[in-house]
Amino acid sequence: MSSAPALPPLASRHPVVIGALEALRAVLVLVLTVLLVALAAWFVAIAQLQPLSSVVGWAGTVLGAASGWELTIGLGLPPTLLTVGLMGVMTSALRRTRRALAANEQLVRAGVLPATRYAATVGIVTCLGAIVLVLLLAGLLVGAGTLTPLGFARFLVVVSVPVLIACLGPERRGAPAGRWAQALFDLVATKAGGEWADALESALRVLRRVGLAFATMAVLVLIIALATGWSAMSTAVAGYSRPAFAAGGLAFVQLLFLPTLLLITVSWLSGAGLHLSAAALATPFSSQAAVVPAVPVLAAVPTDTAAWGWSVLVILPLAAGVATVGRRTWAEEADWRVVVITVGLGFVCTAAAVLFASGPIGPAGLETFGVPLATAIATIGGAAGAGAAGGWGLSLLANREAADQ
């Protein structure tokens, strides 16, 4: 007779242990990655006789910058591609914790393991707390991160977004909402009515489509700007002592800020523009001839658009309208409640995103760089809301005309 497979020790099934193990996995991935990056940077700088001990400080600085902290070396613009990667690792760890806790709950129901009060909350909080503690120690104590209001706000976003995605998102792509999301919808239905719960679910789908539409528009406009401003970018690179090496290095650095460039492009399309320095604000409907920082992609920013710039302001509302009611099924689920929730969440998401597209990049006027926060929140969020409301209004008119016929 074959014996049943041995179960793992009970301690290994405790929610605290599950969360701690998943946090350890995520921390190892982060630490090893930033150490390799810092070690590569040390080899590049070895001609400057940098001590090997600087690798640890550089690794902490990378984590601090990715976490959104401003740096004591005068830099405050986060490398958002690294930030997205950091949030991806955190989301993966929290999702794995959630799946492990779900499997643990099945064993509890089968009577194999003893029940633990608030097991899911304990496991998720343990995993998140361990990762956050490592990020704080690495960024603020080991690295050159410094505690500022803007950096603190960014860090809250970096922590909150993975929690929301991991806890409220589905178990897998295309799956129905998880039980925590369903509990949220049930709460809304209890407090405000079932129509508002359905509207919240529809608004989240609309908001995701609007975000993808804005990102698509930003990519297209950025490509057009790079193509039309290629000569200006070449001139900017030619100003370096070794243009070929500078082009390669700057291309890598610009890649690290790719999400920031998309946010800056969306800000420009909304009319808010972007600060090139404390004295230069580039917008679609104003010309500026100030000195541009010696970064190739910034040389592609249009400097003389006053004659036609106002026309670009229709791009984002049009994209939001198409994303709201561009298909018959989308239009059928849109109503005034969906529009109201979409507008509110649009402003919240815009505020969270643009925090990462502003910050100092150096002294002497470069302490002011990136999107103007308040203006960008108002214009981007307003464009999303206007597009959603306008698209819904046009769909109502189309339905009325069809009914009259």
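Which helices each supply at least two residues of the nonpolar patch?

## The nonpolar surface patch

In this predicted model, the helices that each supply at least two residues of the nonpolar patch are α1 (15-44) and α4 (119-142). The patch covers about 590 Å² of the surface, and its members are Val31, Leu35, Val56, Leu133, Leu137, Leu141 and Val142. Of the helices, α4 gives the most to the nonpolar patch, with four residues.

One member of the patch, Val31, has its place in helix α1. Val31 has a relative accessibility of 30%, and therefore counts as partly exposed.

## A buried threonine

Thr97 belongs to helix α3, which runs over residues 80-109. Because its relative accessibility is 0%, Thr97 counts as buried. When neighbours within four places in sequence are left aside, the residues in contact with Thr97 are Ile18, Gly19, Glu22, Gly123, Ile124 and Cys127.

## The nonpolar cores

The largest nonpolar core is made of 41 residues, and those with the most contacts inside this core are Val210, Phe214 and Leu274. Helix α7 (residues 194-228) provides the largest share of this core, namely 10 residues.

If residues up to four places away in sequence are not counted, Leu274 touches Ile264, Trp268, Ala280, Leu281, Ala282, Val301, Gly370, Val371 and Pro372.

Note on methods. Residues are numbered from 1 along each chain as its sequence is written. This is a predicted model: local features need pLDDT of at least 70, side-chain atom pairs count only at pLDDT 80 or more; totals for chains, interfaces and linings use all residues. Side-chain values use heavy atoms; hydrogens and water are left out. Patches are made of residues with over 30% relative accessible area and no salt bridge: like charges are joined within 9 Å, nonpolar side chains (Val, Leu, Ile, Met, Phe, Trp, Tyr) within 5 Å. Accessible areas come from the Shrake-Rupley method with a 1.4 Å probe; for residues, only the protein chains shown count as cover. A salt bridge is a side-chain nitrogen of Lys or Arg within 4 Å of a carboxyl oxygen of Asp or Glu. Buried means under 20% relative accessible area, exposed over 50%, partly exposed in between (1.4 Å probe, protein chains only). Contact means heavy atoms within 4.5 Å. A nonpolar core is a set of buried Ala, Val, Leu, Ile, Met, Phe, Trp, Tyr and Cys residues joined through side-chain atoms within 4.5 Å.
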